[in-house]
Amino acid sequence: MAEMGSKGVTAGKIASNVQKKLTRAQEKVLQKLGKADETKDEQFEQCVQNFNKQLTEGTRLQKDLRTYLASVKAMHEASKKLNECLQEVYEPDWPGRDEANKIAENNDLLWLDYHQKLVDQALLTMDTYLGQFPDIKSRIAKRGRKLVDYDSARHHYESLQTAKKKDEAKIAKAEEELIKAQKVFEEMNVDLQEELPSLWNSRVGFYVNTFQSIAGLEENFHKEMSKLNQNLNDVLVSLEKQHGSNTFTVKAQPSDNAPAKGNKSPSPPPDGSPAATPEIRVNHEPEPPSSATAGASLPKSPSQSSLPAVVVETFSATVNGTVEGGSGGGRLDLPPGFMFKVQAQHDYVATDTDELQLKAGDVVLVIPFQNPEEQDEGWLMGVKESDWNQHKELEKCRGVFPENFTERVQ
């Protein structure tokens with residue numbers, strides 16, 4: 001019985017939401033046609049414009065900061081490889097070998113420290129700053145819907161009052177609904193009118209702190225790196241002074257096939273030997289099969305013979321996006337229109353029935369909106385992977401969610 005009651009409540013809620021959407025759509029059409037007046041708040045609209053501008057700027061800053069961090073990491077790897085090369089060519093009997101090795105170690109640690117401090121003092125602060133926008137954006141959208149509900153209730157009440165045949169019971173009920181709709185709208189409106197200007201003003205302090213942190217970290221990094229480079233230069237100058245005037249004799253390496261000392265002009269190596277036909281191989285390919293096994297080998301792709309070995313291996317291992325030997329039908333289990341996967345980085349509490357409730361770590365399969373015009377900036381449509389695997393029904397599982405709460409994983 002409890003279960004049936006629960007289902008009844010759910011069905012009633014769905015019907016109520018459908019009715020709300022129909023009423024809102026009708027009200028918007030009447031407003032666009034000029035047959036119904038629309039409540040306007042120019043001051044609030046300006047706050048919304050500022051909010052959208054602030055969100056766009058913050059999102060761009062976050063993207064560029066991540067690019068900067070990726071570049072720092074790439075430079076670290078390149079610097080590490082270069083130092084490893086120096087360590088390999090620096091012969092054991094050369095002076096300053098231990099000092100050069102120590103400088104390389106400190107160089108590596110300095111890069112690691114710089115990258116980590118950028119993450120802690122800039123990127124995490126950036127993520128926290130942007131983390132407040134999705135919730136406010138959702139509330140702005142909800143405030144817009146509640147405003148339409150309020151206008152609709154107001155027009156309904158006014159039409160009943162001006163009707164030739166007045167139904168007092170209907171007028172009383174309409175008035176009650178109008179008061180309720182007005183209260184819900186005004187509560188949301190007041191909160192946002194206080195928060196939006198405060199959020200807009202906070203951007204100045206945030207930009208100052210973020211760029212001061214980055215500038216200070218970079219300045220200190222280059223100072224420390226300059227000291228290491230000077231130390232390495234001193235080691236190399238010392239090496240040059242001790243060995244710069246020495247002449248090193250390059251001796252030929254003995255060969256197993258070296259001719260006897262009495263032979264003045266050795267015979268050329270036989271045709272086909274490594275010395276006669278030197279060969280440089282970049283890709284190691286398996287030797288061709290013998291005549292006994294040639295018949296059992298797989299046929300090549302028409303273009304395989306002209307491709308590099310790496311490409312040939314990739315082509316052989318992958319057929320139509322699936323690995324040979326695999327099921328080959330993995331994408332058939334994904335929802336229609338599947339585009340990519342994202343993973344929730346923060347919890348998100350749904351504020352409307354068309355939104356997804358997310359927990360940090362949830363994987364969401366992103367799909368396109370049925371009507372692209374309904375997509376708001378910064379919002380995606382999707383279905384949680386766990387729900388899709390269990391139900392395989394989009395109508396029950398799909399919903400919208402803020403993109404900033406997630407990170408693309410595939």
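A crossing of two helices is left-handed if the near helix is turned anticlockwise from the far one by less than a right angle. In this predicted model, helix H2 passes helix H4 in such a left-handed crossing. Helix H2 also passes helix H5 in a left-handed crossing. This briefing covers the confidence of the model, the helix packing and the sheet.

**Confidence**

- The average pLDDT of the chain is 78, and 69% of the residues score at least 70.
- Residues 1–8 keep a pLDDT under 50, and the model gives this stretch zero contacts beyond four places in sequence.
- The pLDDT is also below 50 over residues 247–330, a stretch with 25 contacts in the model beyond near neighbours in sequence.
- Where pLDDT is low, the predicted coordinates should not be read in detail.

**Helix H2 against helix H4**

- Helix H2 spans residues 42–89 and helix H4 spans residues 133–162; the two pack at an angle of about 150°, with their axes 12 Å apart.
- Because angles over 145 degrees count as roughly antiparallel, H2 is described as roughly antiparallel to H4.
- On the H2 side, the contact is made by Phe44, Glu45, Val48, Phe51, Asn52, Gln54 and Leu55.
- On the H4 side, Phe133, Ile136, Lys137, Ile140 and Arg143 make the contact.
- By class, the residues of this contact of H2 with H4 comprise seven nonpolar, two polar and three charged.

**Helix H2 against helix H5**

- Helix H5 covers residues 168–243 and packs with H2 at an angle of about 15°, the axes being 10 Å apart.
- That angle makes H2 roughly parallel to H5.
- The contact of H2 with H5 contains 17 nonpolar, six polar and four charged residues.

**Helix H3 against helix H5**

- Helix H3, residues 97–131, packs with H5 at an angle of about 175°, and their axes are 10 Å apart.
- H3 is therefore roughly antiparallel to H5.
- In the contact of H3 with H5 there are 17 nonpolar, seven polar and five charged residues.

**The sheet**

- Five strands form an open sheet in the order S6-S5-S4-S3-S7, with antiparallel pairing.
- Strand S6 (399–402) and strand S7 (406–408) stand at the edges; each has a single partner strand, so one side of each is left without a neighbour in the sheet.
- From one strand to the next, the twist averages 50°.
- Strands of a sheet pair through backbone hydrogen bonds, either parallel or antiparallel.
- Strand S5 (residues 379–384) and S6 run antiparallel and are joined by four bridges.
- Trp379 has Pro402 in S6 as its bridge partner.

Note on methods
Residues are numbered from 1 along each chain as its sequence is written. This is a predicted model: local features need pLDDT of at least 70, side-chain atom pairs count only at pLDDT 80 or more; totals for chains, interfaces and linings use all residues. Side-chain values use heavy atoms; hydrogens and water are left out. Axes are lines fitted to C-alpha atoms, for helices over the stretch in contact, and angles run from 0 to 180 degrees between N-to-C directions. Angles under 35 degrees count as roughly parallel, over 145 as roughly antiparallel, 65 to 115 as roughly perpendicular and the rest as oblique. Contact means heavy atoms within 4.5 Å. Ala, Val, Leu, Ile, Met, Phe, Trp, Tyr, Cys and Pro count as nonpolar, Asp, Glu, Lys and Arg as charged, and the others, Gly among them, as polar. pLDDT is the predictor's confidence in each residue, from 0 to 100. Two strands pair if DSSP finds at least two bridges between them.
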